[in-house]
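Hi there,

Here is the structure I promised to pass on to you. My notes on it follow below.

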Amino acid sequence: MLPGFRLTLGCTLVYLVLIVLLPLAALALKAASLTPAQFLAIVTSARALASYEVTLGMALAATLFNGVVGLLLAWVLVRYRFPGRRLLDAIVDLPFALPTAVAGIALTALFAKNGWFGAPLAAIGLPVAYTPLGIAVAMAFTSLPFVVRSVQPVLEDLDAGVEEAARTLGAGDWSTLRHVVWPAILPAFLAGCSLAFARSLGEFGAVIFIAGNRPMQTEIAALLVFIRLEEYDYAAAAALALTILAAAFLLLLATNLLQARFLRHVDRR
């Protein structure tokens, strides 16, 4: 049994304030030391805008890739039984357990021009390491579990009788997937994709080793924040970090609103 409501709520709020709100407040206060003109100049500088473009573009590419691969992987893990299934299910969580710096070094070794994967790709004119594509690969690797683990439990709980009823009424596999399965898993799929995108926006360790970190070309926003910290320009670092945080928050808010709207639409039906 959980303790009373007041005690439970109090512990939750204390944890939320100490772990989440205080660091965010400190970040906002540091950024507030800048004048509006200074803040705008920092977050809209040519180098900052280039880092946003790289970060957002590659995060979107990684999320689109994970949306397809993560959905298929969750489907395979739930609907099929095959040798090595449990091992594959455990490997999905590997990016959560693996230090991101280790992941970045491993990906760089694999996708370098002399690596196992990088050599054949470079031979056809598609270099990966030290290019924006390498950034997308690192982001996809670290954020894939969010999509799989969001969709997988919904597929497991989906009543097989509903699909059988649809087939009994004459629906084919595609119609059943489109009209029965997809509406049921869509909210979880959107949640997983939004979390994967937010994780990609803030990814640092896995990216810096494979990106090449060339300003205006392969420099991500998180690295630019780190550079400003190394230069002891804490206000500029806070301003850039606050901009990234606002983008991630707006994305999650929009996704939650979209999920709520979709669920209301389903309830009306």
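Glu-219 is buried, with a relative accessible area of 2% (buried means under 20%, exposed over 50%, partly exposed in between, with a 1.4 Å probe and protein chains only). Its side chain meets that of Arg-47 in a salt bridge, 2.6 Å from N to O (a side-chain nitrogen of Lys or Arg within 4 Å of a carboxyl oxygen of Asp or Glu). Arg-47 lies in helix H3 and Glu-219 in the loop between H11 and H12, so the pair ties together parts 172 residues apart in sequence. Helices here are DSSP runs (H or I, at least four residues), numbered from the N terminus. Arg-47 itself is partly exposed, at 26%.

Before you go further: this is a predicted model, where local features need pLDDT of at least 70 and side-chain atom pairs count only at pLDDT 80 or more, while totals for chains, interfaces and linings use all residues. Residues are numbered from 1 along each chain as its sequence is written, and side-chain values use heavy atoms, leaving out hydrogens and water.

The structure holds 5 salt bridges.

Best wishes

Key: Helix = DSSP H or I, 4+ residues; strand = E, 2+ residues; numbered from the N terminus.
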